[in-house]
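Trainee: I am new to this structure and would like to know on what grounds each feature in it gets its name. Could we go through them one at a time?

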Protein chains: 2
Amino acid sequence: MITGSAEIICVGTELLLGDILNSNAQYLAKQLAHLGISHHYQTVVGDNPLRLARAIAIACERSRLIIFTGGLGPTPDDITTATIADFFGVPLVENVEVLADIKAKFAQRDRVMTDNNRKQAWLPEGADILPNTQGTAPGILWQPRPGLHIMTFPGVPRELYSMWQTTAVPYLQDQGWSNGIIHSRTLKFWGTSESGLAAKVNDFLQLENPTVAPYASDGVIKLRISAKADSLNAAEQLIDPVAKQLKAIGGVDCFGEDDETLGNAVGRLLIEQAATLAVAESCTGGGLGAMVTAVPGSSQYFMGGIISYDNTVKERLLGVSPQDLVTHGAVSAPVAEQMAGGVRARLQTDWGISITGIAGPGGGSPQKPVGLVFIGVANQTTTWHIECRFGHRKSREWIRLMSRNTALDILRRTLLSNPQTV
Amino acid sequence: MITGSAEIICVGTELLLGDILNSNAQYLAKQLAHLGISHHYQTVVGDNPLRLARAIAIACERSRLIIFTGGLGPTPDDITTATIADFFGVPLVENVEVLADIKAKFAQRDRVMTDNNRKQAWLPEGADILPNTQGTAPGILWQPRPGLHIMTFPGVPRELYSMWQTTAVPYLQDQGWSNGIIHSRTLKFWGTSESGLAAKVNDFLQLENPTVAPYASDGVIKLRISAKADSLNAAEQLIDPVAKQLKAIGGVDCFGEDDETLGNAVGRLLIEQAATLAVAESCTGGGLGAMVTAVPGSSQYFMGGIISYDNTVKERLLGVSPQDLVTHGAVSAPVAEQMAGGVRARLQTDWGISITGIAGPGGGSPQKPVGLVFIGVANQTTTWHIECRFGHRKSREWIRLMSRNTALDILRRTLLSNPQTV
């Protein structure tokens, strides 16, 4: 197996201007990980021959496989192929096969081929073609020096994907680049902090295979377990015992793996307990229902809900007491409880959950600041609430996100601790 | 004005594994362009001190402003601050002010501060704090050598955005980094295709200052107008006449600018016409209401809605005919119309809009494929529907996104063509 590491160089001024997200780098990163090829650096550089040449010089010193994307097009600012050839002191030669292919593609589409397009048939002498069935620009597969591999791809994602799968993967396997894989599983947690969880699992963070790394996004705390092994199966076997131990440490805070959301976790429990759910939302405006129904098959347990944005809707459709709305205000414990109980009764479900809060930016006061949210929960026998303070300086978007996730998490913990089968 | 260029270094093994998209690099790239600061390279490196140090060495030679994101967290794999200090041979010292701030934040949230978090208060001697009001990890502003500026930010996007706007921008302007600006305005369109719009505005795509570029994301077609000028005001003056012409060409398809959504556009029209709105949702599960209420101040016109996921809810809460549900099915024109009319009547609003469709992946049939969606609209005098086919091979997420945007767009066009003031 080849032991050096790979490097990705993305060429395009549009990346430096922030016009586009660098999704190609993410795609290639995932693909390399899947093949077990480590890569330590990604570089983005503009459509500038001098700076691209400098990036190539740096990459040659630290990597043995350099993967380029972008800059293969027909216009004058597409400089990748010429700059690579120039860097290694090799001339470009017109490839008859590629030229015929480009001509055929233009004929097929009934379009006139310009002189610009001819340029795409000029490849470094000695380089192999990396065929592009989706577009006119082919890439190259080239070893300009012993032990240094170069691959080029267009910046158009679907062309890159197709060329990667069709030609690059077999080539890399054939050349001995891929002899194992890196596989990851992510455990997801709610109700803990990144540092709190890291402290609890500190010993695991020192492991070498699999490795364990904590991170956080949108309030969800994650532990990523990554194993390097010969096969997916072998990687899973390295991951399984570690995942089991981490879940035991995380306890009830751990709600799922990989793509699972709190919506999936709640859905699974409701199905197990053959229970149904309805929601009543004020400040989240329907976002809680949208999260629940993002899960395919949620119609098994989710009946629907009432978006009671205006107080008259709270009164008329949910039966909230007008007196309580006056005395305690719409953002209060009694209103949250009556919303949860009301939606449960009207939609005839086992569970009702509600959210009423101040998402901001306006509407806060010293007594009831922005970020104050009451979450109500009701079942057949009882109704209760939780008071949350998500921070008066946080954005409307964040407060709404935290509200709907917290509401689902409260229901999840309740279902876990009081399993009821109907 | 300082003439050197900037470089972005994103630190995080999750980027090298392809676990996340590098949206921070795009954000910073846009922001640098906005300030007229050129940047020629972006580097991504993992949570590895040796490789990060090598990336810093390379960046110091070619750039005069190095912006780091990621690796400021409390866990052992967060190595950015220590590696930078070590590279420049400067010790880390505990910053009393930062420590007090972290302690206060933990106290506020009623959480226990761990020893891990203390680490976030250790900064290179002589570095200034780049305050973080959204999280515990501050960044640094530092000139480790004359003429070399360093800034560090956490990897959490909302913390980065807030720190950039609040502290980094004034600092860069103050230090003479920004002396001209590139300013952009984006016009947003719905109901046209990217190539169709590009063909209509082809002459504008050749302009040099401002430039005009078309792109698309999440079904919204955009034209970005970018001007380079000495001041924001001068840039706006270059943009204004072009924007006006492009809007005239786009006509009713153009719904807003920059951060405006279809929710903002509808909200503005409802306020102008002093009209109120209610929604009835099936396959979007509350997502339409969430979109309407993402707009601050939407309580002026949005009363609420009914999430009628289950057919019993459609019947009982919206008054949909059980016979029509049997004869035509839940995803049908009569049901969409009765949902819109029903929610309008029950919530006593001027307008009612409804969505019922098959979001998939299951539930499709040859007669009613995945992606078939009916949108209903009701006002005081009339009720009608639109039938949409968003594609049977599209994802659940895409179909739900297109459904809620299309529903809002239909209401927007209706309000534009039939202005009614109450």
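Mentor: What follows is a conversation about a predicted model, starting with the interface between its chains.

Trainee: How do you know that chain A and chain B are in contact, and how many residues take part?

Mentor: Contact requires heavy atoms within 4.5 Å, and by that rule 78 residues of chain A are in contact with 72 residues of chain B. Between them the two chains bury about 5900 Å², with 56% of this area on carbon and sulfur atoms.

Trainee: Why is the meeting of A:Asp19 and B:Arg224 called a salt bridge?

Mentor: The term asks for a side-chain nitrogen of Lys or Arg within 4 Å of a carboxyl oxygen of Asp or Glu. The side chains of A:Asp19 and B:Arg224 come to 3.0 Å, N to O, so the pair qualifies as a salt bridge. The count between chain A and chain B is 2 salt bridges, while the number of residue pairs in polar contact across this interface is 34, both residues being at pLDDT 80 or more.

Trainee: Which element of chain A gives the most to the side that touches chain B, and how do the residues of that side divide?

Mentor: Strand S2 of chain A, residues 39-45, gives the most, with 7 residues. On the side of chain A that touches chain B there are 33 nonpolar, 30 polar and 15 charged residues.

Trainee: What makes strand S14 of chain A and strand S14 of chain B a pair?

Mentor: Pairing needs at least two bridges, and 3 bridges join these strands, residues 302-307 in each chain, so they count as paired. The two strands run antiparallel, and A:Ile306 stands opposite B:Ile306.

Trainee: Within chain A, what domains are assigned?

Mentor: The assignment gives domain 1 (6-175), domain 2 (182-257) and domain 3 (262-417). The C-alpha centres of domain 1 and domain 2 of chain A lie 36 Å apart.

Trainee: Which peptide bonds are cis, and where are their prolines found?

Mentor: One cis bond joins A:Asn209 and A:Pro210, with omega about 5°, and A:Pro210 is found in the loop between helix H8 and strand S10 of chain A. Another runs from A:Gly360 to A:Pro361, where omega is near 0°, and A:Pro361 is found in the loop between strand S15 and strand S16 of chain A.

Key. Residues are numbered from 1 along each chain as its sequence is written. Chains are lettered from A and ligands numbered from 1 in the order in which they are written. This is a predicted model: local features need pLDDT of at least 70, side-chain atom pairs count only at pLDDT 80 or more; totals for chains, interfaces and linings use all residues. Side-chain values use heavy atoms; hydrogens and water are left out. Buried area is the accessible area (1.4 Å probe) that two parts lose on being put together, summed over both. A polar contact is a pair of N or O atoms within 3.5 Å; within protein, one must be able to donate a hydrogen and the other to accept it, and residues adjacent in sequence count only if both atoms are side-chain atoms. Helices (H or I, at least four residues) and strands (E, at least two) are DSSP runs, numbered from the N terminus. Ala, Val, Leu, Ile, Met, Phe, Trp, Tyr, Cys and Pro count as nonpolar, Asp, Glu, Lys and Arg as charged, and the others, Gly among them, as polar. Domain bounds come from an automatic or database domain assignment.
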